[in-house]
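Opening the notebook on this one.

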Amino acid sequence: MISVKKILEDKAISEVWSVPPTNSVIDTLHLLAEKNIGAVVVLDQDKLVGIFSERDYARKGIIQGRKAKSTPISEVMTPKVFTVDPDMSIQDCMKLLGQKKIRHLPVVKDERVVGVISIGDIVNSIMHEQKQHIQFLEQYITQS
């Protein structure tokens, strides 16, 4: 069973990108584009207070007529953040993502954000694990 910790170890981008709640939406969107990421955690002095994704901007920003240059992230972020522990299994993460209809999960250890995993990270990990199983079975069959 693959753990969140294993996914974080295998991620190409291991840095956690964050912004303060006072950051403007436009600056945060620039960060998302520059880093090619879909979400960023919102930290207030290292305390997780929200998460902001492209989906938040679409639903709570532009559609509601908010201006990206003058709106702080605190007005459009998702304040109720579901988090996971590094020891959690990806099966439990998939269940949480499906139940809550979310795409990103901050990973928290000792009250500190140590990473963020996405549904894409989990799917890639599952595919990699399945590929390894197939290779093992093919080797087993050809050696028999």
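I looked for greasy surface and found a nonpolar patch of about 310 Å², made by M94, I119, V123 and M127. This is a predicted model, so I keep that in mind throughout. Helix α5 (residues 119–143) gives the largest share of the patch, 3 residues. I checked M127, and M127 lies in helix α5.

**Helix α2**

Next I asked which residues of helix α2 (residues 25–35) are buried. I get V25, T28, L29, L31 and L32. They sit on the same side of α2, because they cover an arc of only 155 degrees around the axis. On the face turned away from that buried side I find the exposed residues A33 and E34. I then looked up what covers the buried residues of α2: the list includes β1 (18–19), β2 (39–44), β3 (47–53) and α3 (54–62).

**Cores**

Which residues touch the most other members of the largest nonpolar core? They are V25, F52 and I73, in a core of 14 residues. Both α2 and β2 supply at least two residues each, and α2 gives the most, with 4 residues.

I followed up I73, leaving aside its neighbours within four places in sequence. I73 is in contact with V19, P20, P21, N23, S24, V25, T28, V42 and F52. Apart from this core I found another, of 13 residues, with L8, V84, I90 and L105 among them.

Methods: Residues are numbered from 1 along each chain as its sequence is written. This is a predicted model: local features need pLDDT of at least 70, side-chain atom pairs count only at pLDDT 80 or more; totals for chains, interfaces and linings use all residues. Side-chain values use heavy atoms; hydrogens and water are left out. Buried means under 20% relative accessible area, exposed over 50%, partly exposed in between (1.4 Å probe, protein chains only). The arc is that of the directions from the helix axis to the C-beta atoms. Contact means heavy atoms within 4.5 Å. Patches are made of residues with over 30% relative accessible area and no salt bridge: like charges are joined within 9 Å, nonpolar side chains (Val, Leu, Ile, Met, Phe, Trp, Tyr) within 5 Å. Accessible areas come from the Shrake-Rupley method with a 1.4 Å probe; for residues, only the protein chains shown count as cover. A salt bridge is a side-chain nitrogen of Lys or Arg within 4 Å of a carboxyl oxygen of Asp or Glu. A nonpolar core is a set of buried Ala, Val, Leu, Ile, Met, Phe, Trp, Tyr and Cys residues joined through side-chain atoms within 4.5 Å.
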